[in-house]
Amino acid sequence: MKLTLYYSPGACSLAPHIVLEELGIPYEAVRISTAQGQQRSPEYLKINPRGRVPALAVDGKVLVENVAILSFLGGGFPQKGLWPKTTWDQAQALSMMAWLADTVHPAYAHLFRPERYVQGEAHLEAVKEGGRKAFGACLAEIDRLLAGRKWAVGGHFTVLDAYLLVFYRWGNRNGFPVKDLANYTALVDRVLARPAVKKTMADEGITMA
Ligand SMILES: N[C@@H](CCC(=O)N[C@@H](CS)C(=O)NCC(=O)O)C(=O)O
C-alpha cells in the first residue's frame with residue numbers, strides 16, 4: 001500500500017503524521033506550507049480541492065478530514081494497537097475526534113483566521129475574542145474529560161492522543177494557561193515522551209513553543 005501524507009508543520013496534520021510514524025510502515029510525507037499559502041496552489045487543489053491539510057493519498061486515492069484519516073490509519077492496522085479494541089471504545093474515540101474537528105478546531109480558527117467569519121475590519125477583534133473564549137473553554141473541557149485516565153480512551157495510546165496533542169500545542173503557543181490543566185498536561189507529557197512523536201516533531205521542525 002502506498003501512503004502519502006500532505007501536511008504542514010504544526011498544523012492539525014501533525015496527528016496523522018505522528019500516527020504514520022507510530023505505525024512504523026513506509027509512507028511519504030509531502031510538506032505543504034500553509035504559512036506560505038501552498039495549500040492554495042493549483043497542484044495541491046487537485047489533491048484536496050478544499051485547500052486544507054491533511055490529505056492522505058492511499059494508492060493514489062485521496063482521503064481528507066482528520067477524523068476519517070485517523071480512523072483509517074488506526075482501524076486499518078489494528079495489530080499495531082493504535083485503535084481502541086472494543087466497539088464502545090471505538091465509538092468513544094470517534095465521538096471525541098468528531099468534537100475536536102467540529103467544535104474545538106473551529107473555535108481556534110475564529111482566533112487564527114477571524115477574517116473568514118466576518119466581513120471587514122470592524123469586528124475582527126470581537127471574532128478573535130469569541131474564538132479565544134470558546135477555545136479556552138474547550139481546553140478546560142478536555143482537561144475535565146481526561147480526569148482519572150492515563151490515555152484518552154481504551155487504556156492505551158491511540159490516534160486520539162496524537163490528535164489531542166495538536167490542540168494543547170496551539171494553546172501553549174497562544175498564551176493559554178495549558179500548564180494549569182493537570183490532566184491534559186500529564187497526557188501530553190506522556191505523548192511527547194514517545195520516540196515516534198519526538199521524531200515526527202523534529203521532522204516537521206517544530207517544538208511545543
Ligand atoms: N476539518 C478538517 C480541517 C482541516 C484544516 O482546516 N486544516 C488547516 C490546518 S490545521 C488548513 O489546512 N488550513 C489552511 C487554510 O485554512 O487555508 C480536518 O479536520 O481535517
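Two strands are taken to pair if DSSP finds at least two bridges between them. Helices (H or I, at least four residues) and strands (E, at least two) are DSSP runs, numbered from the N terminus. The structure is a predicted model, in which local features need pLDDT of at least 70 and side-chain atom pairs count only at pLDDT 80 or more, while totals for chains, interfaces and linings use all residues. Residues are numbered from 1 along each chain as its sequence is written.

Four strands form an open sheet in the order 2-1-3-4, with mixed pairing. Strand 2 (28-31) and strand 4 (61-64) each have a single partner strand and stand at the edges, so one side of each is left without a neighbour in the sheet. On average, neighbouring strands of this sheet are turned by 25° against each other, direction ignored; axes are lines fitted to C-alpha atoms, for helices over the stretch in contact, and angles run from 0 to 180 degrees between N-to-C directions. In general, strands of a sheet pair through backbone hydrogen bonds, either parallel or antiparallel.

Strand 1 and strand 2 run parallel and are joined by four bridges, with Tyr6 opposite Val30 of strand 2. Strand 1 and strand 3 run antiparallel, and four bridges join them as well; here Tyr6 stands opposite Ala55 of strand 3. Strand 3 (residues 55-58) is in turn paired with strand 4 in the antiparallel sense over four bridges, and Ala57 faces Val62 of strand 4. Helix 1 (residues 14-23) lies across strand 1 (3-7), strand 2 and strand 3, and runs at about 150° to strand 1. Contact between two residues requires that their C-beta atoms, placed from the backbone, lie within 7 Å.

Burial was assigned by counting other C-beta atoms, placed from the backbone, within 10 Å of a residue's own: 20 or more for buried, 12 or fewer for exposed, and partly exposed in between. Val64, in strand 4, is partly exposed, because 16 other C-beta atoms lie within 10 Å. Not counting residues up to four places away in sequence, Val64 touches Asn48, Arg50 and Ala55. Val64 and Asn48 are 16 residues apart in sequence, and their C-alpha atoms are 7.3 Å apart in space. Ile69, in helix 3, is buried, because 22 other C-beta atoms lie within 10 Å. Leaving aside neighbours within four places in sequence, Ile69 is in contact with Pro16, Pro54, Leu56 and Leu63. The C-alpha atoms of Ile69 and Pro54 are separated by 8.3 Å, although the two residues are 15 residues apart along the chain.

Most residues other than glycine have a negative phi, and most peptide bonds are trans. The peptide bond from Val53 to Pro54 is cis, with omega near 0°; Pro54 is placed in the loop between helix 2 (42-47) and strand 3. Asp59, in the loop between strand 3 and strand 4, has a positive phi near 50°. Asp59 counts as exposed, because it has 8 C-beta neighbours inside 10 Å. Glu65, in the loop between strand 4 and helix 3 (66-76), has a positive phi near 85°. Glu65 counts as partly exposed, because it has 16 C-beta neighbours inside 10 Å.

Val53, Pro54 and Glu65 also belong to the surroundings of the ligand, together with Ala11, Cys12, Thr34, Gln39, Gly51, Arg52, Asn66, Ala101 and His105. The shell comprises five nonpolar, five polar and two charged residues. In this grouping Ala, Val, Leu, Ile, Met, Phe, Trp, Tyr, Cys and Pro count as nonpolar, Asp, Glu, Lys and Arg as charged, and the others, Gly among them, as polar.

In helix 7 (residues 182-192), Tyr184, Leu187 and Val188 are buried. These residues cover an arc of only 95° around the axis, which puts them on the same side of helix 7; the arc is that of the directions from the helix axis to the C-beta atoms. Exposed residues Ala182 and Asp189 are carried on the face of helix 7 turned away from its buried side. Helix 5 (124-145) and helix 6 (159-173) are included in what covers the buried residues of helix 7.

Technical notes
Near = placed C-beta within 6 Å.
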